[in-house]
Amino acid sequence: MTPEKKRNEAGLPDGGWGWMIVASCFLVTICTRAVTRCISIFFVEFQMHFGHDYARTAWIHSLVDCNTMLFAPLGSLVGNKLSCRIAVISGGFLASAGLVTSSFATSLEYLYLTLGVLTGVGFALCYTPAITMVGTYFCKRKALAYGIAMSGSGIGTFLLAPAAQLLIERYSWRGALLIAGGFVANLCVCGALLRPVAPNGGLTTTAASADSEDASEVRQGCDPCSWLRGERGFLLRPRFVVLAASFVLLATGCSLPFVYLVPYALDVGVSYQQAALLMSILGVIDIVGNLTFGWLTDRRCLRQHRGMCYMLAVALEGLCCLVAPLLQSFGLLVPFAVLYGYFDGAYVTLIPVVTSDVVGPSHLSSALGVVYFLHAFPYLFSPPVGGVFGLWSLGFRIGTMWSGRVRKGSVCSGSVYKGSMWVAECIKAVCAVAVCIKAVCGVAQCV
Amino acid sequence: MLSARHTAVLLQLLHLVWSVTDGSSSSGTPPAPLVPARPPRTKNGPRRAEQVELLKLVKPGAMNLSCVLDDFLGATPDTIRVSWERDGVEIAQSEVTVQRADGRYSLRKEFFIERPGNYSCIFRNDTQEVTKAFLVTAPAMKEVRDKPVVGYVRDSVVLTCKIHPAPPAWQWYKVNGSEKDAVNTTAEPPRYKVTDKGEEVALTVMNLTEEDSGSYLCVALYLIAPAEGAVHLRVITFVEPLKPFLAIMTEVLLLVSLIVACELRGRTRAAQATATAGPENGRNVSGGEKAWPEESNGVEEAATRQRKA
């Protein structure tokens, strides 16, 4: 890859500093998504210290997750108005401050505020602008770039979960939260790397790419009326509406198997070590799915059919959930974990790609804000349902501390798990149909 | 757990073994045997332990112990002598003769067990013995943490112990050297709080100081015998995690300054390059914001310099 390489027809570098942007987004994903998952490792400590039950402690995680998605439009707004760089740096500062102040917590409500709200909003300010920036640098290799960037959550959870355990053992939860605050301050470094791509003669402070027909809308960004008309116009496009509906359904369904796999496995008679192995398989294959599916859908032959690939990934995920209640042994659950993990990684990678295909690169920032905002409400409401069983995150399950809690959860009736698996598959099937409709309507390509 | 009497028996046996293997005459007159008038077991040949069974008891009570043997070291005599022992001492008048029935020898006896111990039945003929032992103990503490619990000065910390089944009472001790002091929950100002949740007990230590570091013993007071668990506490100041935190913040500040400096330098160089290249460029070049060049000579040079930076 030489610097003399021409920009592609859309005017995007498709490489060069773009790989630094991918690295920056990778680190942002680690510092936001992986840290969110690792917060659940602190729950036992919070429970012991504050004397509350698991359901109340679990609200912290759902608050962080929900706020990260709920304030995603704010993140894309700041990214559009000021710059993605300023958004990510201020988000990093806010999140770090939230974690540092939470290390002085005197009650659970204090933690709701500092961890749940402050850190959650900080993460929201970082997540969407970083993902948007990757889209502005890549066109031909967009899916691969997103695959690498999104794999940060899986890889980060893998690395941070044992690190969080070690920190808690050495410094107790207060010291561990303080050091986590320091780690999250690296978001400012990521922000500093987000050098905007300058469109030909356009403003350098927006994240928009050099799409000529939308360049005028970009320049009008400062005027509130045209901002509403121009930047929010994509909201009314039928393709986007269908896509948004499918995302809501997907978000409702996609976290359920992660929550219920281990209790379900224990319920059908799998040993605890094997259940933990299932979750590890799920996590590792998730990362593999991120990277390989991204690379695959960038291939020239598949690029035109990216929408179909996305639909296929979602439909196969749903199909896995459909047959899951029939799988009653470890030997059958392993292929389920492999397939489900792969297609889950695939779908996560393709969310920004498909969104950018539908709304066009200039509206990507605002569209992503809306898309992740729609993820917030399912994330908020599915945790209390799963809160009794106490299994949120992947890293949580890779760690071996929770054997007692998992066994307690498995004592509850197996029919609940089987019922929820069926609900998950129905939801998945519905959104697969929704995406199918979208694909049939035709998908704008970036060739 | 051995009483003084048992220790004496053991020492005499060891003394006997030592003098026999040494080959030298014993240093003094052999002590009067404290065991009953049977010949000492060491002369009978090796005792073979067939099984050991662990029994957990929470309170004194009657227990039925049954011993079953399929064959006596390969042989199957019609009758066999069986006697019972408690903690290595034979129970008086406990020997019975057992007939072989249904292809095995089986014997059952009820004991009133008041304290933990080692109960065993011994099947013996004239030369050899086979034993089955029942180890009766109080339950053991669950999930004992081998790593210390960490607390901060002036903060509070919670130490927990778990056991199954729930004991009638719990007691906490702090270990001071070789002694243990009961934890005082009634002192003013309140420093300790014990929360008894049946199978789990929590000791909250408030207003920590560095002297509070050390081992704490939680004792489950079962009627049969107490069960102990140790929890270690380590009290540190806030300075300890502050050091890695400050190290990371320094690294963040350094990296941010480095990146910003590189970019500013690249920007000024590109600005200089465009200034010298003049208006021949044609294409729009905005300062040093672009990392990669277009097909124009002046910017190419600046970008090459940028790359090397």
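View 1. At 37% relative accessibility, Cys262(B) counts as partly exposed (buried is under 20% relative accessible area, exposed over 50%, partly exposed in between; 1.4 Å probe, protein chains only). The sulfur of Cys262(B) lies 16 Å from the closest cysteine sulfur, in Cys190(A), too far for a bond; a disulfide is a pair of cysteine sulfur atoms within 2.5 Å. Cys25(A) is buried, with a relative accessible area of 1%. The model is predicted: local features need pLDDT of at least 70, side-chain atom pairs count only at pLDDT 80 or more, and totals for chains, interfaces and linings use all residues. Residues are numbered from 1 along each chain as its sequence is written, chains are lettered from A and ligands numbered from 1 in the order in which they are written, and side-chain values use heavy atoms, leaving out hydrogens and water.

**View 2. The disulfide of Cys67(B) and Cys121(B).** The S to S distance is 1.8 Å. With -115° about the S-S bond, the link of Cys67(B) and Cys121(B) is left-handed. Both Cys67(B) and Cys121(B) are buried.

**View 3. The disulfide of Cys161(B) and Cys218(B).** The sulfur atoms are 1.9 Å apart. The torsion about the S-S bond of Cys161(B) and Cys218(B) is about -85°, so this disulfide is left-handed. Cys161(B) has a relative accessible area of 5% and is buried; Cys218(B), at 0%, is buried.

**View 4. Two helical spans of chain A.** Residues 143-164 of chain A are 100% helix, with end C-alpha atoms 31 Å apart. For residues 275-296 of chain A, also 100% helix, the corresponding separation is 30 Å. Helices are DSSP runs (H or I, at least four residues).
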